[in-house]
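Please look over the sequence and the structure first, then read the points below.

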Amino acid sequence: MEGLLDHILRDMLTRLGGVDICVTEFVRVSGTLLPNRFFQRIAPELLTGSRTPAGVPVRVQLLGSDPGCMAENAAKLAALGPAGIDLNFGCPAKTVNRHRGGAVLLTDPELLHQLVSAVRRAVPAHMLVTAKMRLGYEDKSRKLECAQAIAAGGAQELVVHARTKVEGYRPPAFWEELPAILEALDIPVIANGEVWTPDDFARCRAISGCEDVMLGRGMVADPGLARTVKSGERAGWAEVEPLLRPFWDKVQLATLPKYQPGRLKQWLAYLRRLHPEADALFQRIRTVTDPREVERLVFDTASTPGARTTGEMARVE
């Protein structure tokens, strides 16, 4: 989830529990051997045992179309000790697809096989190699061929986003397409797409036949979703609101001032789907571009009447 679920948000979302595994935003591999600092910028968890501060393992995702270059970078990444290496065959972004990355590779099952095989051979046997795909590029006709190519290449798990590239993120997700993939493979298949609520989670499992589910935007909107589907314990605003302060503090440290307000607005825009309090905060800062003013309006209780002081598997992609 490029531009959204970075290491800062991974930290926040894993604090409420229930998450088994996180996967990073993709690392774009394109013709060069990347330096360690590039991997560590996308996944600073590599410096702390490849775990979030809450202790959740983090896999690092690679995106590219050159088997040799992908293999070289995977080997270098493996030396840094990620919890696994994931391969992106699902990104629908036009720019990415235009440069032969992400979902466009689903038009070439043989290349999928070559990419997975090259990475699998390049990394130690103990290093987990997984992949994520969509149901296809323009249609779903080659979904089994693509899934089988990925599995035959040596992927040990496959996440399937239950829409094509052309379908993007428009509802619905076609979970009913997944049982055929599950039946055709000997590796675990994880369902993904359009899971926003505990009811969605239960229906996705029932319809797809998949035991495990990857949560994406639904987890951003409801940081307690993973815990809820595991234990039934919902996270209200009283648990979510204290995450805003450490999120903002970390954004200020890692982001240029002109982008800081946008990061907070972005998360609040998701949170307001479930929490009216988040919508009130979003409306308060919707047009504000000065980080100091955002700080005053959101976190200065003296200037916000009625506010209180802020405190400091399910899978997340």
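A compact globule of 317 residues would have a radius of gyration near 20 Å, and the chain has 20 Å, so the two agree. The model is predicted. Along the principal axes, the C-alpha atoms fill a box of roughly 60 × 45 × 35 Å. The chain has 15 helices and eight strands, and 55% of its 317 residues count as buried.

**Helix α6**

- Helix α6 covers residues 143–152, and its buried residues are Lys-143, Cys-146, Ala-147, Ala-149 and Ile-150.
- Seen down the axis of α6, these buried residues fall within an arc of 160°, so they line one face of the helix.
- After α6 comes Gly-154, which has a positive phi near 115°.

**Helix α12**

- In helix α12 (residues 244–254), the buried residues are Leu-244, Arg-245, Pro-246, Phe-247, Trp-248 and Val-251.
- The cover over the buried residues of α12 includes α1 (7–14), α11 (237–240), α13, α14 (276–285) and α15 (291–299).

**Helix α13: Lys-265 and Leu-271**

- Lys-265 sits in helix α13, which spans residues 260–271.
- The side chain of Lys-265 does reach the backbone oxygen of Val-288, at 2.7 Å.
- Apart from neighbours within four places in sequence, Lys-265 is in contact with Phe-282, Ile-285, Arg-286, Thr-287 and Val-288.
- Leu-271 is also part of helix α13.
- Leu-271 counts as buried because its relative accessibility is 0%, and the cut-off for buried is under 20%.
- With neighbours within four places in sequence set aside, the contacts of Leu-271 are Val-220, Ala-221, Pro-223, Trp-237, Val-240, Leu-244 and Ala-278.
- One of these contacts, Leu-244, is among the buried residues of α12.
- Between Leu-271 and Leu-5 there are 266 residues of separation in sequence, and their C-alpha atoms are 14 Å apart in space.

- Thr-52 is placed in the loop between α2 (36–42) and β2 (58–63).
- Is Thr-52 buried or exposed? Thr-52 counts as buried, because its relative accessibility is 4%.
- The side chains of Thr-52 and Thr-14 make a polar contact at 3.2 Å.
- Not counting residues up to four places away in sequence, Thr-52 touches Arg-10, Thr-14, Cys-22, Glu-45 and Val-58.
- Ser-50 lies in the loop between α2 and β2 as well.
- Ser-50 is buried, with a relative accessible area of 2%.
- Although Ser-50 is not a glycine, its phi is positive, at about 60°.

**Other backbone features**

- Most residues other than glycine have a negative phi, and most peptide bonds are trans.
- Glu-194 is not a glycine, but has a positive phi of about 65°.
- Glu-194 is located in the loop between β6 (189–192) and α8 (198–208), and counts as buried at 17% relative accessibility.
- The peptide bond from Pro-171 to Pro-172 is cis, and its omega is near 0°.

**Leu-80**

- Where is Leu-80? Leu-80 is in the loop between α3 (67–78) and β3.
- The relative accessible area of Leu-80 is 19%, so Leu-80 is buried.
- Leaving out residues up to four places away in sequence, Leu-80 touches Asn-36, Phe-39, Gln-40 and Leu-46.
- Leu-80 and Trp-196 are 116 residues apart in sequence, and in space their C-alpha atoms are 34 Å apart.

Definitions and conventions. Residues numbered from 1 in each chain as written. Predicted model: local features only at pLDDT ≥ 70, side-chain atom pairs only at ≥ 80, totals over all residues. Heavy atoms only, no water. Helix = DSSP H or I, 4+ residues; strand = E, 2+ residues; numbered from the N terminus. Polar contact = N/O pair within 3.5 Å; in protein donor to acceptor, adjacent residues only side chain to side chain. Contact = heavy atoms within 4.5 Å. Buried < 20%, exposed > 50% of the residue type's maximum accessible area, 1.4 Å probe, protein only. Arc of directions from axis to C-beta. Rg over C-alpha atoms; globule rule 2.2 N^0.38 Å.
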